Amino acid sequence: IAATQPSTNWHLKENARDHHTSKFSSEELIVRRGQTFTITFNGAERPEQNLVFIAETGPKPSKATKTLATFDISSTVSKEGWSAVLQSTSSNSVSISISSPHNAIIGRYKLSVQSGSSSPASLGTFVLLFNPWSSGDDVFMSNKAECEEYVLEEFGIIFAGNKNHISSFGWNFGQFQGDILNICLAIMDRSLYYRQDPVTDVSHRHDPRYLGRVLSAMVNANDDQGVVLGNWSGKYEGGKNPSSWTGSGEILQSWKKSGFKPVKYGQCWVFAAVLTTVLRCLGIPTRTITNFSSAHDADGNLRVDEFYDTDGNHLERGADSVWNFHVWNESWFTRNDLGPSYSGWQILDATPQEESGGIYQCGPASRYAIKEGEVDLDYDGPFVFAEVNADCMYWNYDSATGKKTLIFSKSTEIGDSISTKAVGRDDRVDVTRDYKYEEGSAKEREIFKKARKKLGLEDKFDPTAPTQKEIEQKPDISGKFKVAGSLEVGKDLNLLLVLENLQSDAKTVNVNMTAWTTLYTRKLVSEIWKDSLSVTLAPKEEKQFPIKIKYPEYQQQLTTDKTIQVTALCHVEDGIQVLVQRNITLDNPAVDIQVLGEAKVNKEVVVEVAFTNPIDTEVKDCVLQVEGSDLLQGTLELRIPPLKASEKSSTKFKLIPSKAGPKHLLVNFSCDKFADIKTFKMVNVIN
């Protein structure tokens, strides 16, 4: 057999169909572990006699690290290890059914066969992935519709905006396109863990818990020259603005093409989307989760401190912050290290916020453990618990004296409308109850105390904490900002400040108001408006004060996050201060997509994208970027001529779909006045 190099028929089509890997377009066999696949090869003498197969992976294959398996032909599939069962033989070829164990290491394998005393002959290579369809696998998911969504679906919807105004945009995960699988394998081989000890690293690649943690570190560029470089400065020269991406493919391809230099730039949803692509590609069921009013608790006390000056300006003091939203991942696998009740959805976060074990990585944290306040369990429980359930303290800080005074504290502010895309539909599903008990309930407070106790925070005297007297003080007035009119980029912003006297005697109030443009992390960018007023409120009286921030006042300063923070600090004579605040996200105008005619495989179809300039000045530097798995290769970029006030543009381009089924076309339109207007359209492609 060694004399002639055997030629191998990998039965690509049949094996791919059986292993749910048909969406990969590869000339190499891609199969899932714990399941049989069939190959046929020729050049074997008397095959039933002493054929030995060798499957090996990693830099130094060995039986001790389970990176090398040798197995001969047996009559039945082995439950434990690798096995080969003879299917059929003819005069010069043999068909064998090979199966791998449920906990096999994933990655690229070399397969060889040896007959008698001759030296092994290579049959070629194949890639082995996790198998959520197989009940013995750590990533087994019994619901087939969920497997379809969380492993096989290449399109996703990511939720953003803020808790009062949730918006969403499409994303092209594209885990089965082109070279993505090879790039995912390369990511594993470039991690710090692999560089420090390749043999041990590869030997752990059977474990989704290990790989999830390693990949959460590799998707960000910190520490390890990983895939995406984060940038939250509001200035994105030398790279792409994080809000301009529409899919992971372009990012992963650029990382590889540049010789593995981090791609500029990402923010939380980019890290989460790229991690979704990588994990789905490898076969671990994964989804993106958006948490609104998300806490970044930098000092681990489950409390977020925010500071304001007497004019009501939000001060950048301390490392804690609250983001309008934050996006992370959940992946589905068992937690043999913690026990059965902790299995299921696990939180992974690839956004570099805090180090864990000396590296910017986060998770897996069991979602059940977070809900139950079991913050001492691996990994990163305290940080994730704080993201969804920290307490908020608002302080007035006097820079002259360095004195800080508590304005008020709130325990129901953080972790709102936690959202993910529905299975098989484009709707939002609220999963807040899976992260915590009802806000304000006795059970939720009990869990919060339990978490603090586990971290040793209950017993320690904390000099930075407010006193009981400060916490219990009651304000004389209440206030809120109401939106009056539409929240659209290009229009004036109309608000009402509503103040109410809660007491039965008159109150005089001096109000200092400011408005700033911000990033979605609430980092302040520019002050766009300020005003003050003085008012006397009769007993129990409510008064409304209209506020108008004109488009020209904010137009230059608005970031691509389209967010504005409005603050009113109310100084009540002989009473405590009251802070009224609102974070506002503006909506972009709409872009419309029409598919003209029927979309058929390998046939041209015309798509029309229309945009109407809603403002009374010209918009220029208009660019349209389009992508969609199986609809077009890579990203299409089209330049569009300037548009006068109220003018409508219509751009046509051609697609040639490569595969049938429901596909998603994603469009991103930008110009000098409107950044990254996103929309998507489902295109049903027929054969």
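UniProt positions are given here in the numbering of this chain, with feature names shortened, and such annotations may be inferred rather than shown by experiment. The structure is a predicted model, in which local features need a pLDDT of at least 70 and side-chain atom pairs count only at pLDDT 80 or more, while totals for chains, interfaces and linings use all residues. Residues are numbered from 1 along each chain as its sequence is written, and side-chain values use heavy atoms, with hydrogens and water left out.

The domain assignment, whose bounds come from an automatic or database source, divides the chain into domain 1 (8-129), domain 2 (144-455), domain 3 (474-585) and domain 4 (591-685).

We may begin with the unreviewed UniProt entry, which places the feature "binding site" at N389, D391, E439 and E444. These residues span 56 residues in sequence, yet no two of their C-alpha atoms are more than 12.0 Å apart, so they gather at one spot. E439 is found in the loop between α11 (432-435) and α12 (442-454), where helices (H or I, at least four residues) and strands (E, at least two) are DSSP runs numbered from the N terminus. With a relative accessible area of 22%, E439 is partly exposed, a class that falls between buried (under 20% relative accessible area) and exposed (over 50%), as found with a 1.4 Å probe on protein chains only. E444, by contrast, sits in helix α12 and counts as buried at 1% relative accessibility.

Contact here means heavy atoms within 4.5 Å. Residues up to four places away in sequence not counted, E439 touches V388, N389, S411, T412, I414, R433 and E444; on the same terms, the contacts of E444 include N389, S411 and E439. The side chain of E439 also makes a polar contact with the side chain of K436 (2.7 Å), a polar contact being a pair of N or O atoms within 3.5 Å, of which, within protein, one must be able to donate a hydrogen and the other to accept it, with residues adjacent in sequence counting only if both atoms are side-chain atoms.

An open sheet of four strands with mixed pairing has the order β16-β15-β20-β21, two strands being paired if DSSP finds at least two bridges between them. Its edge strands are β16 (314-315) and β21 (403-410), each pairing on one side only. Strand β20 (residues 391-398) runs antiparallel to β21 and is joined to it by seven bridges, and Y394 stands opposite F408 in β21.

The UniProt annotation "active site", also from an unreviewed entry, covers C268, H326 and D349. Although these are spread over 82 residues of sequence, they cluster in space, with a largest C-alpha distance of 9.9 Å. C268 lies in helix α8 (residues 268-282) and is buried, with a relative accessible area of 0%. D349 is found in the loop between β18 (344-348) and β19 (365-366) and is likewise buried, at 2%. H326 is among the residues that C268 touches, and H326 is also among those touched by D349. A polar atom of the D349 side chain lies 3.0 Å from the backbone nitrogen of T351.

Finally, the centres of domain 3 and domain 4, taken over C-alpha atoms, are separated by 38 Å, and five residues of domain 3 are in contact with five residues of domain 4.
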